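The exercises below concern the structure shown next. Each task is followed by a solution in steps.

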Amino acid sequence: MTRRMLIVGPPGAGKGTQSKKISEELGIVAISTGDIFRENIKGGTPLGQEAQKYVEAGNLVPDSLTNRLIEDRLSWDDAENGFLLDGYPRNLTQVEAFDEIIARLGVELDVVLELTAEKEELVSRLAKRAQQEGRSDDTEDVIRHRLEVFESETSPMIAEYSTRGLLKQVDGLGAVDEVNARIMKELR
Ligand code: B4P
């Protein structure tokens, strides 16, 4: 059974949505770097003040900050028996750092799950969320920029996990429960 996994995919593919469900189904903690940054921005913490300008522009927060955050978070007791990372690693530099972090913890990654979706669907989902939640990085210009950052920085890291034989791809189109059923079939 899968205990340690990543969920990857472009903005709007459904990572956050599906990771909450997978976490309940597998009984492992879901950790979203995006959520951690947003909570800290809202709370005005030093981490939030540092991350805010990057998140709001749709750029990646500096690797050193993000890597330290994850190393600390994975040392908590709730991650001891498994974890699902949503949104990390996000580029090849973070993959290198993550390799070192899990080696220090003495654990291995079981699977990297990629959710796929067409660009038009992604833009439309995020535009809908902008109306409902008003996230400051869901404006049209920033959405486009996040998709470009995904292509240039995150796609190569997904290719790296494919080379390592860890990648499983799942179609993210369709109703949330349909997508979830596809994911669980792949994981079991
Ligand atoms: P994230 O929080 O990871 O934002 P995201 O890529 O948009 O994914 P999210 O999880 O929110 O959306 P989802 O696809 O589930 O990152 C935000 C920012 O944080 C980044 O731009 C960056 O600045 C920073 N950051 C995060 N991690 C970092 C890292 N490692 N290094 C550096 N910086 C980092 O869902 C989108 C919408 O689609 C939702 O409204 C949902 O309801 C809807 N949806 C989901 N599934 C659907 C379905 N099947 N059908 C219809 N709608 C669906």
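**Exercise 1.** What is the accessible surface of the protein chain, and what percentage of it belongs to carbon and sulfur atoms?

*Solution.* The model is a predicted one. Its protein chain has an accessible surface of about 9,700 Å². Carbon and sulfur atoms hold 46% of that surface.

**Exercise 2.** Determine whether the radius of gyration of the protein chain agrees with that of a compact globule.

*Solution.* Begin with the length, which is 188 residues. A compact globule with that number of residues would have a radius of gyration near 16 Å. The protein chain has 16 Å, so the value agrees with a compact globule. Along the principal axes, the C-alpha atoms fill a box of roughly 40 × 40 × 30 Å.

**Exercise 3.** How many helices and strands does the protein chain have, and which pattern do they follow along the sequence?

*Solution.* The count gives eight helices and five strands. In sequence order, the pattern reads β-α-β-α-α-α-β-α-β-α-α-β-α.

**Exercise 4.** Decide whether I7 is buried or exposed, and describe its surroundings.

*Solution.* First, locate the residue: I7 lies in strand β1, which covers residues 4-8. Next, apply the cut-off, under which a residue is buried if its relative accessible area is under 20%. The relative accessibility of I7 is 1%, and therefore I7 counts as buried. Of the 188 residues in the protein chain, 47% count as buried. Finally, consider the contacts: beyond its neighbours within four places in sequence, I7 touches several residues, including K15, I22, L85 and L115.

Definitions and conventions. Residues numbered from 1 in each chain as written. Predicted model: local features only at pLDDT ≥ 70, side-chain atom pairs only at ≥ 80, totals over all residues. Heavy atoms only, no water. Helix = DSSP H or I, 4+ residues; strand = E, 2+ residues; numbered from the N terminus. Rg over C-alpha atoms; globule rule 2.2 N^0.38 Å. Buried < 20%, exposed > 50% of the residue type's maximum accessible area, 1.4 Å probe, protein only. Areas by Shrake-Rupley, 256 points an atom, 1.4 Å probe, with all protein chains shown as cover. Contact = heavy atoms within 4.5 Å.
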